[in-house]
Amino acid sequence: MVGIDFIIVDSAKRGVKFEEKLHSYLSKKMNNQGNEYDLLLRLDPYGNRLFTVPEIKELINICVSLINKFNKDDWYENRVRKFSKKLMELCELALEQNKVIEAIGD
């Protein structure tokens with residue numbers, strides 16, 4: 001499955017997959033939202049990126065915003081919420097463990 005994997009560096013915890021289909025859907029939906037979601041939506045799908053502690057906190061805020069914004073009961077909006085909850089949990093765990101998160105493109 002093509003997409004971006006978020007992992008906690010030096011951790012055995014399973015990562016979170018940001019599927020390409022979901023990434024495209026969100027990019028289309030949020031293209032006029034300014035740069036509030038850029039940290040998540042402007043990731044290089046073929047590159048790697050490490051997130052600092054302030055950026056991990058920003059990812060958590062983005063996830064909370066997405067969960068609140070995408071509240072309809074349809075397939076895509078359910079996927080957005082599910083992905084956002086999993087990424088938020090991963091970010092919180094990374095902060096607890098004082099570790100960083102890496103996004104790894106395919």
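Aspartate 10 is exposed, with a relative accessible area of 71%, where exposed means over 50%, buried means under 20% and partly exposed lies in between, as computed with a 1.4 Å probe on protein chains only. The structure is a predicted model, in which local features need pLDDT of at least 70 and side-chain atom pairs count only at pLDDT 80 or more, while totals for chains, interfaces and linings use all residues. Residues are numbered from 1 along each chain as its sequence is written, and side-chain values use heavy atoms, with hydrogens and water left out.

Aspartate 10 is placed in the loop between strand 1 and strand 2, where helices (H or I, at least four residues) and strands (E, at least two) are DSSP runs numbered from the N terminus. Although aspartate 10 is not a glycine, its phi is positive, at about 60°. Most residues other than glycine have a negative phi. Asparagine 98, in the loop between helix 4 and strand 4, also has a positive phi, near 60°, and is likewise a residue other than glycine. Asparagine 98 is exposed, with a relative accessible area of 69%. The loop between strand 1 and strand 2 also holds lysine 13, which is partly exposed at 41% relative accessibility. When residues up to four places away in sequence are not counted, lysine 13 touches Leu90 and Leu93, contact being defined as heavy atoms within 4.5 Å. Lysine 13 and lysine 72 are 59 residues apart along the chain, and their C-alpha atoms are separated by 30 Å.

Leucine 66 is in contact with Leu26, Met30, Tyr37, Leu40, Val80 and Ser84, leaving aside residues up to four places away in sequence.

A search of the whole structure finds seven aromatic pairs. One of them is formed by tyrosine 25 and tyrosine 76, which are stacked, with 4.3 Å from centre to centre and 10° between the planes. Because tyrosine 25 lies in helix 1 (residues 20–29) and tyrosine 76 in helix 4 (residues 75–96), this pair ties together parts that are 51 residues apart in sequence. Rings of Phe, Tyr and Trp (its six-membered ring) pair if their centres lie within 6.5 Å, and planes under 30 degrees apart count as stacked, over 60 as edge-to-face and the rest as tilted. Tyrosine 25 is buried at 15% relative accessibility, whereas tyrosine 76 is partly exposed at 29%. Ring pairs also link Phe6, Phe18, Phe51 and Phe83 into a cluster. Over the face of phenylalanine 51 lies arginine 49, at 4.7 Å from the ring centre, a charge being over a ring if NZ of Lys or CZ of Arg is within 6 Å of the ring centre and within 35 degrees of the ring normal.

Helix 4 has 22 residues and reaches 32 Å from its first C-alpha to its last, close to the 32 Å expected at 1.5 Å a residue, the expected span being 1.5 Å times one less than the number of residues. The buried residues of helix 4 include Val80, Phe83, Leu87, Met88 and Cys91, and what covers the buried residues of this helix includes strand 1, strand 2, helix 1, helix 2, helix 3 and strand 4. Methionine 88, with a relative accessible area of 17%, is in contact with Ile60, Cys63, Val64 and Ile67, leaving aside its neighbours within four places in sequence. For helix 3, the 17 residues should span 24 Å at 1.5 Å a residue, which agrees with end C-alpha atoms 24 Å apart. Among the buried residues of helix 3 are Ile56, Leu59, Cys63 and Leu66.

The count of disulfides, defined as pairs of cysteine sulfur atoms within 2.5 Å, comes to zero. The sulfur of cysteine 63 is 5.7 Å from the closest cysteine sulfur, in cysteine 91, and this is too far for a bond. Cysteine 63 is buried, with a relative accessible area of 0%, and cysteine 91 is buried, with a relative accessible area of 0%.
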